[in-house]
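Welcome, and please load the model in your viewer. We will walk through its aromatic rings, one selection at a time.

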Amino acid sequence: MTDKRMGTDRLDRPVWESLTSEHYPLSEGGDLARRYLPSINLFASGRDDGPEALSALAALLGSGERAYILQVAAIVVPPQLELEQRAEGVQMVATRSFSAAPREDVVDLGDRDAEEMRALAALTQPGPFLAQTHRMGRFRGIRVGGRLVAMAGERMRFKGFTEVSGVCTHPDFRGRGLARKLSHVVAADIQARGDTPFLHAWKTNRAAIRLYESLGFVVRAEVDVAVVARE
């Protein structure tokens, strides 16, 4: 259930809010529907779930293309598109200060690290991560022996809110608290800008949810997630 008393109702449709504000330069589409540029990410959103917006959303996809949709309301799949996958997630919002974030061994990641970041994401599957996904926000990482073994960064962003995303650790280096450290650092950077950190996790991923709860995030709402495609 959403809580509009918190002033967080814009989080109900975070992809749309991001595409029409901070990430407008990284997107394409019109007033009814937008999507990220294909090199940036696969997320897309209509302005609402009305027939005009759904038609505009479908028109964004060419033959063989797919898009991810994420929102609090149950997703209405445009009749022109095929539903490939559907899942339930949770949306969590930070409720504590991250000002004392530990930063030992944490490095900034950028264009020169893009190939390694994409390879790590392909191995660990934190969500769609393409050639230029790192342009969505600031990313941090930890290297061991020069090898990128963990990372976390920012994804959706709009007035007052920035999403913590891309949190992943190479299987050989799990159990060392690296994801926790990086999530803490990214959340602290977001708060330092005056934004509230939020994030998404699969509803079935209890380990991730427990980690984020221990950091001070609370579940705000359940979210519907779908992958749609045009044949």
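A charge is said to sit over a ring if NZ of Lys or CZ of Arg is within 6 Å of the ring centre and within 35 degrees of the ring normal. Keep in mind as you look around that this is a predicted model.

**First stop: a charge over a ring.** Select Arg96 and Phe98: the charged end of Arg96 lies over the Phe98 ring, 4.9 Å from its centre.

**Second stop: the partner of Phe98.** The model holds seven aromatic pairs. Colour by chain position and you will find that the two come from distant parts of the chain, 119 residues apart: Phe98 belongs to the loop between β5 (82-94) and β6 (106-109), while Phe217 is in strand β11 (residues 217-229).

Select Phe161 and Phe198, an edge-to-face pair with 6.5 Å from centre to centre and 80° between the planes. This pair also links distant parts of the chain, with Phe161 in strand β9 (residues 161-169) and Phe198 in strand β10 (residues 196-202), 37 residues apart. Phe161 is buried with a relative accessible area of 6%, and Phe198 is buried at 0%.

Methods: Residues numbered from 1 in each chain as written. Predicted model: local features only at pLDDT ≥ 70, side-chain atom pairs only at ≥ 80, totals over all residues. Heavy atoms only, no water. Phe/Tyr/Trp six-rings, centres within 6.5 Å; stacked < 30°, edge-to-face > 60°. Helix = DSSP H or I, 4+ residues; strand = E, 2+ residues; numbered from the N terminus. Buried < 20%, exposed > 50% of the residue type's maximum accessible area, 1.4 Å probe, protein only.
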